[in-house]
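Try each task before reading its solution.

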Amino acid sequence: MSIFSVYIANEMAFAHSAMIRGINSIYNQAPHVHKAKDIADFLFFVRSWADWVGHHHQWEETLMFPGFEKVIGEAGFLQSNLDQHHAFEPGLKKLLEFATHTKVEDYKPDVLRAIIDDFANGLQGHLKDEIPSLLAMRPYDSAGLLAVYKTCEAAAGKQEKPSLRPTTDNAMLSRATRLLPKSIVSTLKLPKTTFPPRGASPVDQALYLKKCTDDLYAWQRQNRSDHTAFVLHDGPPYANGDLHIGHALNKILKDITNRCQLLKGRRVDYVPGWDCHGLPIELRALELWRQSQPESASHETPPATVVREKARALATETVEKQKKQFKEWGIMADWDNAWKTMDKAFEIQQLEVFQKMVKKGLIYRRHKPVYWSPSTRTALAEAELEYRDDHVSRAAFVKYPLHVPSIHKGLIKRLGGNPTDISVVIWTTLPWTLPANRAIGFCPSIDYVVARSRRHGRLLLAHSRIQEVEEKCEETLTEMVVFKGSDLYSVCYEDSLWSNQPHIRLLLEADHVTGESGSGLAHLAPGHGSDDYRVCLSRKIQPYSPVDDRGCFTTDACPKDPTLLASKSVFTDGNLAVLQNLESTGALLAVHDYVHKYPYDWRSKAPIILRATRQWFANVADIQNAALESLEDVKFTPASGKSRLESFVCNRNEWCISRQRAWGVPIPALYHSKTHEPLLTEGSVDHIISIIAERGMDAWWTDDELDPTWTPPSLRQTSGETVYYRGKDTIDVWFDSGTSWTQMQPDDDRKPVVADVYLEGSDQHRGWFQSSLLTSTACQDGATLEDGKTLAPFKHLVTHGFTLDKAGTKMSKSFGNVISPQQIMDGSLLPILTKKGKDGAQRKIQDSMGIDALRLWAASCDYTKDVVVSPEALKKINIVLAKYRTTFKQLIGLLNYHDPSTASPRLEHLSTNHKIALTHLSSMEETVAAHFERMEYHKAINALNRYVTSDLSAFYFESVKDAAYCGTSVQRAAVQATAYEILGVLQDVLAPITPLLIQEVQHHLPEALRSTPHVSLTSRQIQPRPAEGVSSRQGDLANVELDLPALMDLLKAVQSLQEQARSDKKMGPALQSYIAIVPRDMTGSSKIRKLMLEYADDLDDIFCASAVQLMSPAFTPSSEVEWHYVQEIETVDEKVLVYVFAPQQQKCVRCWRYKAPLNVEEALCERCVDVLQNLKKDRPELFVEGAMDTGGTSAAVVGQR
């Protein structure tokens, strides 16, 4: 007996069938056995084995089983608590049946006596006396053996050994021959499904799309309770142009959020909207109008009514076009009731919000500097700006002579008694604002100096700025006297640069002036700067802005020579003319380029100016604290969004809400025809709203200018006429969209409406988020809650980043780096595939990714940051989506024969690989659910992908192929019960992400499963899944979960070694290998030893091998083993050697496991013999006497494995 065979025997002797596995292993593995001529030779080797064990381990002279247990225990092969009676009885019976291919009942008594005596004597004689008590303790299946023993007792003492040949021809090999089927494939349960490997046809996709969007939304609205409502309020996209990839990211994230809530049993209220007013649409309407006009009229401005008509048509067309595109992305929404800011009902509700703010005194008109866009000729709000860091200005140091009579005695004394010939130096980055100069600002707390310049005389500037001025003027200044800025109070200077008569102007304390830049003194133009305006207003100095709406100087800019600056742009020739005038008058000290941050119109991408005009404002300062306090109860994703929104609210005291455009909601103000003073009261606005409700919004522009209908009756003249005309300013579009919370239905009329989620791009902190917060806050009366707190219009504020190309550059049409959603769906970004047609010709096809690919891309992005879109990233998405399809195809195929009406196996009856699969499934489901709850969709996808790739495909599908295709009915039932559960959960987690795929899965389910709540689409997207059978997963998976890390560590090592063997062309499938696990520690405390013993019956399936053996530390493969690989790993704090080596049995022609006897043609393993025997009873037509048809079978089976 070789040492290898002994180790094999010992390995196979552990767990609850020691004798069965031990003796079987000797019979099958030892080379000597297969040369034996008869059973006597076989029993000789059994005795030799026992003698070898006794000789090497010196076991005690005790009963056979305790002694045998001790020997095996010392070698580490048997559980220490193995029952004495458990192994021998079935072991001896199995020995007899296996060795002679004959059932025990078919033996003659004298033959059985000889076998028992021979076997017992060969084991040191310790077993014979123990047989009666062993059989009495374990009565099952023992009657036959007890009778055998009594018969043997009667013949005890005989020395001669009778022939051991069986008395019948009922041998195993003969049975196998009679079980030969016509075709091996016909005996397999191969997966069958109509589910296609690639996407559905356009016709089917349209059907799936309707079911998982319109039909689904309508169903849940009708059947879900109002008390479960989840409201995601839509930030309206702008109704201008085609949708881009940023729109796709935004809308799909919203849809995923809604579908996740749907799975939780809530009713989703999602009504989409569109922002339809504003400048881009108006400019496009003007462009279209001019294109329709003759050349002579193409530069004229059409009436407001024409602009509005064109703009409305353009917006309406765009909304329908965008709506169609949104629906193509699988967005589930109440599309029939979508709102638009140009709808009459919306506009009236917007004006009602405006009216409430008027009532609170929050709306006023003021002449002050506002952001003005010369390129679009309208005032702008902060939210309509974008800042560029590379703006270049032509900065200048300019001097103004001090007005000597204004210098007080104290300063004259410090100046040495001679205050003449002193000029104050200012620095400005906007020389074009100098014609609007009205004062110079200083800081009273810093030191100022009078220094002498050879070219410019005595100069007054901040002491800290001397070096800067010297560098720019290219000369050294000589300090004369230093004094505090507080000495400059009431001092004046003279300005005669733009008029014939000098203007005496004040030096004013200005808190925005420091000694860290420029000259430490700033020229103040209250008509062109917010800080300048604030400082001058405190001294009742009015703003002055000699610049028109085109950004060009008026004739008032330079009274002494009106033509010097008139009609010249402040950005180009006008600025140059100012500098030239400064130089010609000797006021210019130095000029230089200055690169700095500067605001641009985010629509025209042109620089803006600050320009004093008469505009309408909303008072933000009075509601600022309430708005900020309301944010304390809001959840932000990412968390940084809170500080970002707070900063925008804190830095805004007022909001310029008037625009000089035609396409929008008018500011409902009336103006006196003579004084031009505005009329805006709660009552006047209420009256105007009533007229709009009657005549429509366009009547504001189409009615006669002095139509008395628009004037409240109390203000009309006795003749019925009016002296009031309607203003032409429109309301800022951010006010439009900012009042869209009025479209939500309140749960309680006494409380403001609050959405569960607002979800938009990060730029909306200064835009829609802020305008929504401010308008909602303004309309609350402070008694909303019991504690008097104000509510924000959102409970959860979520922001996503911008879309970038693969180089990290923001996508722009001008850069040519834009990727459209359609390109992702049609697969045009992927390489062209070549496919052979039915005629054998190669054809090029486009690998269309479909709607689900676009959605999967959006879900896979970490949207809290800027998102990179590239063909490389999309290719990975396509691979993942293909993997999902393959996974569903396999699951549906496994369930082809499944009848869900039958009871599922109980969890405790499942083998370990199924329990591991359910443990993996539960872990994944919990992880994904947690990420869904936190709206971390990319993390959910990562967890899902790891599960599908590693836990499901690489482990579970591999481990159950044998049971699913070749196993017994019990084994297959276990596979289907587990697959049934996996299918249901996968639909759960993918329904929000890839709804069309899930709908397609439902369509291709076997008929028996389509109406089953556990796996139906309605269940997955509407109803909580019922708990039934294995589906409940209520059994105890705790032990498996605790042992799982160690099992997976061992499996990883096994797979690594198998891959090495494949690379060396030693093996193919995993079944073409045996595994040996060799712990360094084989004592009773070894965790690995206990682990292997506990899961002994299932190790072959867990490790996807034909045999898995626990071996002693002394184990080394013998020279008879063709090949082996070994790796040492450490797991559960133990070192373990893992061996993968060549199989020692023949491949079964049916299941391909290497468990069939050697030297037998077309050999079958014992399991397949049993399966075929049962199959023959049910389907005898599959079987014939004679040889099996295996030709061509292998390829068919390989294709399924």
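Predicted model: local features only at pLDDT ≥ 70, side-chain atom pairs only at ≥ 80, totals over all residues.

Residues are numbered from 1 along each chain as its sequence is written, and side-chain values use heavy atoms, with hydrogens and water left out.

**Exercise 1.** Work out in which order the strands of the open sheet lie.

Solution. Start with the strands, which are DSSP runs of E with at least two residues, numbered from the N terminus. Two of them pair if DSSP finds at least two bridges between them. The order is β22-β21-β23, with antiparallel pairing. Next, look at the edges: β22 (678–679) and β23 (724–726) each pair on one side only. Finally, β21 (residues 670–672) joins β23 over 3 bridges, and Y671 stands opposite Y725 in β23.

**Exercise 2.** Explain why helix α26 is described as largely enclosed.

Solution. Helices are DSSP runs of H or I with at least four residues. Buried means under 20% relative accessible area (1.4 Å probe, protein chains only). In α26 (residues 850–860), 10 of the 11 residues are buried, so the rest of the structure largely encloses this helix. Among the buried ones are D852, R855 and W857.

**Exercise 3.** Describe the surroundings of A577.

Solution. Then list its contacts (heavy atoms within 4.5 Å): leaving aside neighbours within four places in sequence, A577 touches L564, L565 and K568. Lastly, P431 is 146 residues from A577 in sequence, yet 9.7 Å away in space, C-alpha to C-alpha.

Definitions and conventions. Buried < 20%, exposed > 50% of the residue type's maximum accessible area, 1.4 Å probe, protein only.
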